Amino acid sequence: MEVLKEKILKDGNALDENILKVDSFINHQVDASLMQQIGNEFANHFKDYKITKVATIESSGIAPALMTAQALGVPMLILKKAPSSILNDNLLHTEVVSFTKKNSYELTLSKKFVNENDHVLIIDDFLANGEAATGAIRLMRKAHATIAGIGILIEKSFQPGRGKLEEQGFEVYSLARIAKLGKGIIEFVEES
Ligand code: 5GP
């Protein structure tokens, strides 16, 4: 998606060879108009997939997931991060290792909101090692839902996330694919 790639080049900040900071338009301050365009792009790509819900992980995925859900005319689900296991019969939970914080957290979903009739599109801001997306998939499976696909704003293609998800048979649709990062360097994957 050209408009996202241009924004990344203009306002993204590559801290080192692993981390891209996008807090001026995605992670802290949010560019609402860009999020709307992103939502339309995902909705257009997945329009024939019979999606019943769009799910994301709090908090950075919420803005693009909401716009996608709005464009598709379905509800959005926020998978909640909790510091430790919560004893609640109505909650499904799974452990996820955080890429940026190098710790792990519990991801939770209420059984009330997903069931075997749901076909869920998972949206997240970044794809790195694929832990967050895999955790979201595990939760949806625990709820007996099926996965329509995974929509990512920024994929770091030099990290193993896409490969791991594709190996399991999932479609990954990424709007910007980064081939290389370095201090002040951002290079995209050449798309044919
Ligand atoms: P994964 O679970 O695929 O290893 O990492 C994805 C999660 O880690 C995303 O939800 C995102 O919050 C965070 N993340 C991974 N890489 C980056 C990055 O380069 N910049 C930022 N801001 N977040 C990242």
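Where in the chain is the place of Ala 128? Ala 128 sits in the loop between S7 and H5. Helices (H or I, at least four residues) and strands (E, at least two) are DSSP runs, numbered from the N terminus. This is a predicted model: local features need pLDDT of at least 70, side-chain atom pairs count only at pLDDT 80 or more, and totals for chains, interfaces and linings use all residues. Residues are numbered from 1 along each chain as its sequence is written, and side-chain values use heavy atoms, with hydrogens and water left out.

**Shell around the ligand**
- The ligand is surrounded by 16 residues, each with a heavy atom within 4 Å of it.
- The closest are Leu 20, Asn 129, Gly 130, Ala 132 and Lys 156.
- By type, the shell divides into 7 nonpolar, 5 polar and 4 charged residues.
- Here Ala, Val, Leu, Ile, Met, Phe, Trp, Tyr, Cys and Pro count as nonpolar, Asp, Glu, Lys and Arg as charged, and the others, Gly among them, as polar.
- Strand S7 (119–127) and helix H5 (131–142) each supply at least two shell residues.
- S7 gives the most, with 4 residues.

**Polar contacts and burial**
- A polar contact is a pair of N or O atoms within 3.5 Å; within protein, one must be able to donate a hydrogen and the other to accept it, and residues adjacent in sequence count only if both atoms are side-chain atoms.
- A backbone N or O atom of Leu 20 lies 2.7 Å from a ligand nitrogen atom.
- For Ala 128, a backbone N or O atom is 2.8 Å from a ligand oxygen atom.
- For Asn 129, the distance from a backbone N or O atom to a ligand oxygen atom is 2.7 Å.
- Taken alone, the ligand exposes 500 Å², and the protein buries 88% of that (Shrake-Rupley method, 1.4 Å probe).

**Pocket and UniProt record**
- The ligand takes up the space of the largest pocket, with more than half of its atoms within 2 Å of the grid points.
- A pocket is an open set of points on a 1 Å grid over the protein atoms alone, where a 1.4 Å probe fits, with protein on both sides within 12 Å along at least five of seven lines; lining residues have an atom within 4 Å of a point.
- An unreviewed UniProt entry places "binding site" at Leu 20, Asn 27 and Lys 156; the lining of the largest pocket includes these residues.
- Asn 27 lies in helix H2 (residues 23–27).
- UniProt (unreviewed entry) also lists Ala 128, Asn 129, Gly 130, Glu 131 and Ala 132 under "binding site"; the lining of the largest pocket includes these residues.
- Such annotations may be inferred rather than shown by experiment.

**Backbone details**
- The peptide bond from Glu 58 to Ser 59 is cis, with omega near 0°.
- Ser 59 is in the loop between strand S3 (53–57) and helix H4 (62–72).
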